[in-house]
Amino acid sequence: MAEVLISADDLVTFMKSEPCVIIDTRNPDAYAAGHIPGAVNLHEIFTFLATSTPEGMDELKKKFAAAFGGAGLSGSETAVIYEQSMNSGFGQSCRGYFLLEFLGYPKIKVLHGGFEAWTMKGLPTTTDVPTPTAASFVIKPEAGSILIDAGTMQGALGNPSIAILDVRDVDEWIGESSSPYGKDFCPRMGRIPGAVWIEWYRMMKPTSEGPRFKSKNEILAECATVRITPSTTVYLYCFKGARASNTFLALKNAGVADVRMYFGSWNEWSRDTKYPIEEGLPLVGEKQAQAA
């Protein structure tokens, strides 16, 4: 795949030579306090909750095709997406990357290190709000295969050829909280049966300039702890597709070929009792005995 991550220094040069639409995914107050010159604020990239029904997927496509088109993306510009930092926005810039991939947009970059990387370099910011020229955004339906619905996820249960990867925070994984928005935000706590777990933070490491993605081999080493290899089919989920989008980008960059997202994630799965869940601590009782 083409390199998606771009450093702040490289972005300065890139913006001078290539037509770009810069997209700030932070909340409106943070955006208003200062942003990269020319950046358009699209916080709904982070806040929009999707369902994986046909109607929900249709709404997702229409909403973001309109939003990205309104920001000025026609297909000839590179979309450059950023959040505050790689670990403070729950992967929201990567959620923007995933949505653009899902819609089939051809040119996408994510600012590595986010707005903090930009300001740490002393690069200019502004409070001026641009008025973008709306463009016609074309959806490529064939790109949508990277998103799976709840039925497809249910069909993967017990399939040894598919790794279901949960990347939520540890309290969600062990069933002590239902979401990042509060313990009881969703009606059920637990995880999708048979899922393996790599907390999304583990795809990154601290540096003197803030969190950055690990190298390809470091990410593959993390994957190996749950027996995921570059040839494994991986179905990702988190709570609403943001943290999983961070991991999606990490795995694709590391060369894992077939990675798909259950975008409805725990927010959808936990609310429908026809979908089974595992509760309590993993590897207890019989499973623990089998693993010993």
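Two strands count as paired if DSSP finds at least two bridges between them; strands here are DSSP runs of E with at least two residues, helices are runs of H or I with at least four, and both are numbered from the N terminus. By that rule, β7 (residues 162-166) pairs with β11 in the parallel sense over 5 bridges.

Some housekeeping: this is a predicted model, so local features need pLDDT of at least 70 and side-chain atom pairs pLDDT 80 or more, while totals for chains, interfaces and linings use all residues. Residues are numbered from 1 along each chain as its sequence is written, and side-chain values use heavy atoms, with hydrogens and water left out.

Leu165 stands opposite Leu236, and Val234 has Val259 in β12 as its bridge partner.

Here are the parallel pairs side by side:

| Pair | Bridges |
|---|---|
| β7 (residues 162-166) and β11 | 5 bridges |
| β11 and β12 (residues 258-262) | 4 bridges |
| β4 (residues 78-82) and β5 (residues 108-111) | 3 bridges |

Elsewhere, an open sheet of 5 strands runs β1-β5-β4-β2-β3, with parallel pairing. β1 (5-6) and β3 (40-41) are at its edges with a single partner strand each, so one side of each has no neighbour in the sheet.
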